[in-house]
Amino acid sequence: MIPAAQPRTSPVRHLGPNWYASVMGTAIVGSAGVALPAPANGPRAVFWVLSLLLLVALLAARAVHWARHRDQARAHLLDPAMAPFHACLAMALLSVGGGALTAGRDLIGLRAAVALDTVLYTAGTAAGLGAAVAVPYLMAVRHRVEPGQASPVWLLPLVAPMVSAALGPSLVPHLPPGQPRETLLLACLALFGVSLLAVLLMLPLVFARLITAGPLPLALTPTLFLVLGPLGQSATATGVIADAAPGVVPAPYDGGLAVFAVLYGVPVMGFALLWLALATAHVVRARRHGMGFALTWWAFTFPVGTCVTGAAALARHTHLAAYEALAVGLYVVLVAAWLAAARGTVRGLLSGELLAGPRPASVVLASGTARTTSGAVR
């Protein structure tokens with residue numbers, strides 16, 4: 001019997017919010033390159049332009065997704081595995097906007113960079129705060145999750161305000177002196193607190209699940225790197241807030257913020273390196289057990305990039321060559337991770353694998369795994 005032809009599926013029907021992670025991961029390569037002791041202007045601008053193009057393309061594709069496939073869009077919101085990825089939109093906007101003032105300023109000019117960053121920062125911060133409230137609310141009242149299902153992905157909505165805290169200080173010098181500048185800087189410090197306290201509530205659940213329930217499914221193993229996001233980004237935030245403080249907040253608070261950047265950043269970066277080693281060990285194990293490419297590989301990029309900027313911030317405040325070397329070493333890891341994620345994404349797009357819907361439950365893959373709604377294989 002000849003099998004019936006399968007209906008043709010729209011290429012954007014299964015385009016989830018997790019795709020914005022590719023924008024974040026690309027933008028951070030350019031922005032983190034600026035923070036290095038000897039940044040290269042050419043490559044950083046190329047990565048920023050690429051992230052801007054990716055953002056525009058994904059915004060358009062997601063708009064079509066919401067217009068034509070609202071049932072699938074609502075399903076993503078009600079899926080506890082997919083809902084946290086809606087925060088990636090906010091972080092993509094923030095990353096590209098922040099990159100305009102660093103990696104893209106020489107290319108488009110300071111005035112255009114400030115205007116673009118202002119728009120994207122405002123939209124990204126609003127979206128990030130919305131996700132930080134809406135996603136945990138959905139998890140409490142609509143999703144049905146158990147402690148054994150805890151995942152580093154749950155951290156995504158809580159990290160978005162920290163990205164705003166780290167990127168907002170770059171706009172402070174472009175505001176009128178006085179209260180406008182001080183208000184924005186202290187708002188960034190408040191966003192730092194919002195994200196930090198929320199992450200401190202969620203992270204024990206993730207760690208407890210890892211210890212008590214065993215390793216994550218193969219395709220989700222790269223998401224262990226997401227824990228580095230709030231760690232590196234918070235160290236970055238304290239550093240850049242302290243950089244912007246002189247002349248904006250009165251003494252002795254400006255000096256106090258510089259002290260806090262070191263007293264907070266040093267132990268947090270130490271824990272980040274410990275978690276990096278733990279996550280890497282899990283990834284090596286997963287690869288040995290047959291972990292293939294999935295969109296979760298983009299988790300190797302943005303979180304590592306925040307550790308680059310965090311180490312660079314500590315290098316500025318401590319003047320220690322060790323932190324400069326750490327920033328350079330992590331940047332090499334970041335570029336390698338971006339190349340791996342980008343290569344896998346391009347191959348998956350060309351084959352149609354990444355835009356295909358979840359496979360029916362009756363279909364068994366050779367590895368004994370099944371496709372998830374995020375386009376991963378587990």
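At what angle do helix 9 and helix 11 pack, and how far apart are their axes? Hi everyone, let's start there. This is a predicted model, where local features need pLDDT of at least 70, side-chain atom pairs count only at pLDDT 80 or more, and totals for chains, interfaces and linings use all residues. Residues are numbered from 1 along each chain as its sequence is written, and side-chain values use heavy atoms, leaving out hydrogens and water.

So, the answer: helix 9 and helix 11 (residues 302-318) pack at about 35 degrees, with axes 7 Å apart. Helices here are DSSP runs (H or I, at least four residues), numbered from the N terminus. The axes are lines fitted to C-alpha atoms over the stretch in contact, with angles from 0 to 180 degrees between N-to-C directions.

Now please look at helix 8, residues 179-213, which reaches 50 Å from its first C-alpha to its last. Helix 8 bends by about 30 degrees at Leu 200, and Pro 204 follows within four residues; the bend is the angle between axes fitted to the seven residues ending there and the seven starting there. Just after helix 8, Gly 214 takes a positive phi of about 90 degrees.

Last stop: Ser 164, found in helix 7. Beyond its neighbours within four places in sequence, Ser 164 contacts Leu 94, Tyr 121, Thr 125, Cys 188 and Leu 191.

Notes
Helices (H or I, at least four residues) and strands (E, at least two) are DSSP runs, numbered from the N terminus. The expected span of a helix is 1.5 Å times one less than its number of residues. Contact means heavy atoms within 4.5 Å.
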